[in-house]
Amino acid sequence: MTGPIPSVAVADLPADAPLLDVRETDEWNAGHAPTAGHLPMSELAGRLSELPDSDPLYVVCRSGGRSARVTAYLVGQGYPAVNVDGGMQDWAARGRPVVADGDRTPEIV
């Protein structure tokens, strides 16, 4: 991909935005957006068929770096992906809901 990566600030995300969380499983288990799907960046290339059918698909990670790389890759493959600037750190800081697996207290690690 050449040119700017499509991106959006957490504050500008629609409430019903379809999220794809690309953090690793331990990060996901610690805390994630309640409606997000999970596909770790390290497994993405082999699991493209599992991507949600969303247009656009908002890609999120911890701070926005990994999701920017995934977004660039997906756009290059023809997917309508958009990076979420600030990632889950900004998501949580803005008071958006975060859930964790099991009975643990949600946190963004």
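Predicted model: local features only at pLDDT ≥ 70, side-chain atom pairs only at ≥ 80, totals over all residues.

Biologist: What makes strand E4 and strand E5 a pair?

Modeller: Two strands pair if at least two bridges are found between them. Strand E4 (residues 57–60) and strand E5 (residues 81–85) have 3 bridges, in the parallel sense, so by that cut-off they are paired. Helix H2 (residues 65–76) packs on the sheet and touches E4 and E5.

Biologist: Why are strand E1 and strand E3 said to stand at the edges?

Modeller: The open sheet has the strand order E1-E5-E4-E2-E3. Strand E1 (7–9) and strand E3 (37–38) each have a single partner strand, so one side of each lacks a neighbour in the sheet.

Biologist: How do you know that arginine 66 and glutamate 27 meet in a salt bridge?

Modeller: The cut-off is a side-chain nitrogen within 4 Å of a carboxyl oxygen. For arginine 66 and glutamate 27 the N to O value is 2.8 Å, and therefore the pair qualifies. Arginine 66 lies in helix H2 and glutamate 27 in helix H1 (residues 25–30), 39 residues apart.

Biologist: Why is glutamate 27 called buried, and arginine 66 partly exposed?

Modeller: Buried means under 20% relative accessible area, and exposed means over 50%. Glutamate 27 has 10%, so the term buried applies. Arginine 66 has 22%, which lies in between, so the term is partly exposed.

Note on methods
Residues numbered from 1 in each chain as written. Heavy atoms only, no water. Helix = DSSP H or I, 4+ residues; strand = E, 2+ residues; numbered from the N terminus. Contact = heavy atoms within 4.5 Å. Axes fitted to C-alpha atoms, helices over the stretch in contact; angles between N-to-C directions. Buried < 20%, exposed > 50% of the residue type's maximum accessible area, 1.4 Å probe, protein only.
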